[in-house]
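Morning, everyone. Let me put the structure up, and then we'll go through a few spots.

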Amino acid sequence: MEKLKISSSPHIWSKKTVSGIMLDVIIALLPAAIASILIFGYRSALVIGVCVTFAVLSEFLFQKIIKTKVLVGDLSACVTGLLLALNLPVSIPLWQAALGSVFAIVVVKGLFGGIGKNFANPAITARIMMLIAFTGTMTAFTAPLSPDLTSTATPLEALKAMGTELPSLKDMFLGIRGGSLGETCALALLIGGIYLIFRGIISWTTPVCYIGTVFVLSLIYGGMDFALYQVLAGGLVLGAFFMATDYSTTPTRPWGKVIFGVGCGIITSAIRFYGSYPEGVSFSILLMNIITPYIDKWTRPTPIGGNK
Amino acid sequence: MAFLRMPGVKVPHRKHTSNKFPARITPPEEVCLLLSMHIGAPAVPAVKIGDTVKIGQLIAKEGGYVSAPVHASVSGTVKRIDDITTAANQLTKGIVIQSDGLMERYELIEPPKVTDRESFIQAVKNSGVVGLGGAAFPTAVKLNVKEGVTVEEIVINGAECEPYITADTRTFLDRSDDLLYGIELLLKYIQPKKIIIGIENNKKEAIQKAKKLFENKKEVFVQTLPSVYPQGGEKVLIYSTTQKIVPEGKLPLDVGVIVLNATTVAAIAEFVKTGMPLTEKCITVDGSAVNSPANLIVPIGTRIKDVFAAAGGFKTDPAKIIMGGPMMGHSMPDTEYPVMKGTNALLAFDKKEAEIPEETPCINCGSCIQRCPLHLDPPAFGKAHMLKDTKALEKLKVNLCMECGVCAYVCPAKRHLVQRNRLAKNMLKEHNEKKKKEEAEKNGKA
């Protein structure tokens with residue numbers, strides 16, 4: 001008989017794995033990715049391809065260079081690349097998209113210790129970097145269903161400008177409007193988000209609190225129609241389901257998720273109503289990322305039966 | 001407090017043997033009875049090498065108040081007294097008895113005279129019965145309630161939440177007379193206000209049987225529990241059945257509860273009825289490397305290899321052998337180790353099942369914190385342990401961890417969480433002991 005293996009219990013493990021979770025996130029993002037190709041044409045696929053390729057490649061090379069274990073197989077870089085792509089306008093120069101991916105993986109994730117250790121969401125931080133570095137191309141939005149890439153204003157810009165014509169609410173829901181690749185089609189994002197909740201990957205708490213807060217504040221600020229537009233416009237649905245639920249950078253406890261969601265909602269609304277930028281989703285999530293360690297500390301569970 | 005959750009996790013049941021009627025194995029050629037197969041002081045040998053013994057004869061007396069006597073499980077000759085390292089890495093002695101193959105009962109065995117509470121507890125003491133669910137705490141000590149303390153509930157643990165194990169289920173199905181008698185004894189002599197029998201809902205037959213059995217007893221309640229690991233953990237079971245929380249550093253009795261395993265109750269009943277002490281145990285033999293999974297009644301002290309041989313041997317070379325369940329059992333270094341009183345399962349895993357998944361970085365998903373039945377924070381323990389921060393460990397209550405393994409089970413990154421909790425727990429314990437000693441020395445000098 002061969003030597004018997006000795007190990008500390010438990011001797012069985014659940015089937016859940018990191019790559020399985022990431023694969024579920026990718027599956028959940030597929031409807032939005034497909035919608036972006038239908039709405040903005042084949043160039044969407046190109047942007048997604050470039051972002052994913054550069055994200056995965058830069059993760060692989062970075063881990064090779066700093067001589068740690070190569071963990072590209074966990075698919076997390078793929079998720080980051082995909083998310084970043086969905087946050088970019090379709091007309092973005094490809095070299096800028098590639099640079100954004102490398103920044104997300106190397107600077108935001110890798111330099112802080114890799115998966116699970118980064119305090120800020122890589123895709124969001126990269127998008128903000130690009131917004132500041134390449135303001136022109138990052139805010140040049142293309143009209144939907146236009147093969148010749150005519151430029152258009154986003155609904156949020158239109159809301160701010162007042163008087164500019166807005167797409168109908170139905171078009172808003174289906175995503176027939178100007179905006180980033182993946183943020184426009186609320187329907188596709190909802191399908192993906194519900195899939196993630198159903199699979200137990202994310203909890204409903206953050207998205208519901210986030211979108212709910214924006215809705216209620218907008219209702220108070222501008223009435224029902226305004227509130228519906230606010231919810232469907234910009235990157236709110238994408239951010240609430242896919243970026244405010246990132247494991248590494250958001251709280252782990254249920255009440256922490258509530259604080260995170262409500263906090264994001266308040267900051268987003270404040271920026272949208274009073275700020276000079278039309279959109280505040282990225283900034284709000286990044287700001288809440290920063291205080292996440294404190295939220296986790298405040299909401300640490302009390303041990304059952306523990307003495308004070 | 002009713003909204004409080006003790007979450008736990010759904011583990012695969014793998015109760016392949018719940019329909020397997022326990023078979024008595026052919027007695028082994030020799031058995032090795034450990035002197036320390038219970039919590040507390042080791043038993044003290046009462047026989048010499050060369051003595052002939054028969055089944056049920058006392059071979060080691062209890063070595064203190066928290067201790068239990070050991071009885072011969074086969075008839076034969078005392079061959080040696082060996083030094084043995086236990087699964088928990090403690091050194092103990094084992095009395096090796098060479099069987100004469102006759103399996104003769106000790107002729108002086110007669111039912112004890114049980115007339116009152118004291119004689120009942122004495123009987124439990126003499127029976128050598130310890131917690132048979134695995135913890136092996138001497139049952140007589142548990143039942144020996146101080147005067148003035150009322151026992152409100154006795155909870156009978158039939159949860160059997162570990163995968164594979166069906167030994168307790170078989171107790172409900174096959175030893176219902178003993179169980180009934182045991183519960184009558186408890187009602188008569190310990191006088192709790194209620195007895196609650198907790199069984200997980202994946203054991204339909206056992207629940208039916210128990211419900212029927214106790215139909216006419218108004219103090220006995222059969223409670224169906226959700227099949228969520230670790231439902232059978234003492235604190236979890238107490239909460240599930242009585243909604244009481246056992247505070248840190250306290251015993252169940254401090255909240256008026258005694259928890260007894262179902263098989264323990266049956267073993268007490270058998271002793272009071274017949275006078276035969278605990279000498280055999282029904283154990284579940286299962287796992288991917290076992291030829292025919294079964295429930296087997298084996299003499300205590302039977303070596304692991306003999307038990308597996310009785311279950312038809314191995315299909316393939318076993319890569320890991322586990323004494324107990326897969327969630328909390330110990331992996332054994334060889335097959336010479338003997339079955340103890342608290343052993344309820346022996347599992348043999350093939351190479352594939354024994355593989356330990358690779359540990360990858362924590363992704364901060366929070367599954368472990370969410371699932372911990374006691375609402376602890378396992379990753380924080382690991383960090384504090386790495387930094388040797390005993391103050392943080394104290395504050396995080398690592399000492400409450402019951403090592404159920406839920407955190408490590410659910411972790412998608414396959415991190416060794418409960419394993420680190422154990423290290424952290426030990427570190428805190430050692431630190432506190434050292435501090436105590438230093439303080440004592442200081443006071444001694446002053």
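Start with A:Phe283. At 19% relative accessibility, this residue counts as buried, because the cut-off is under 20%. Keep in mind that this is a predicted model.

Now its ring partner, A:Tyr277. That tyrosine is partly exposed, at 33% relative accessible area. The ring centres of A:Tyr277 and A:Phe283 sit 5.3 Å apart. Their planes meet at 40°, so we call the pair tilted.

Over to chain B. B:Phe308 and B:Phe314 also make a tilted pair, with centres 4.9 Å apart and planes at 45°. B:Phe308 is buried, at 0%. B:Phe314 is partly exposed, at 28%.

How many aromatic pairs are there over all chains? The search of the whole structure gives 11. Back in chain A, ring pairs join A:Tyr221, A:Phe226, A:Phe273 and A:Tyr274 into a cluster.

Next, the domains. Chain B splits into domain 1 (25-109 + 277-351), domain 2 (117-274) and domain 3 (367-445). The contact between domains 2 and 3 of chain B uses 5 residues from domain 2 and 8 residues from domain 3. Together these two domains of chain B bury about 570 Å², with 67% of it on carbon and sulfur atoms. On the domain 2 side, B:Tyr229, B:Lys235 and B:Glu248 lose the most area, together 70% of what that side buries.

What about charge? The rule finds 1 salt bridge across this interface of chain B. B:Glu248 pairs with B:Lys397 in a salt bridge, closest N and O atoms 3.2 Å apart. The domain 2 side of the contact has 3 nonpolar residues, no polar and 2 charged.

Terms used
Residues numbered from 1 in each chain as written. Chains lettered and ligands numbered in written order. Predicted model: local features only at pLDDT ≥ 70, side-chain atom pairs only at ≥ 80, totals over all residues. Heavy atoms only, no water. Domains from an automatic or database assignment. Contact = heavy atoms within 4.5 Å. Buried area = accessible area lost by both parts, 1.4 Å probe. Salt bridge = Lys/Arg side-chain N within 4 Å of Asp/Glu carboxyl O. Nonpolar A, V, L, I, M, F, W, Y, C, P; charged D, E, K, R; others polar. Phe/Tyr/Trp six-rings, centres within 6.5 Å; stacked < 30°, edge-to-face > 60°. Buried < 20%, exposed > 50% of the residue type's maximum accessible area, 1.4 Å probe, protein only.
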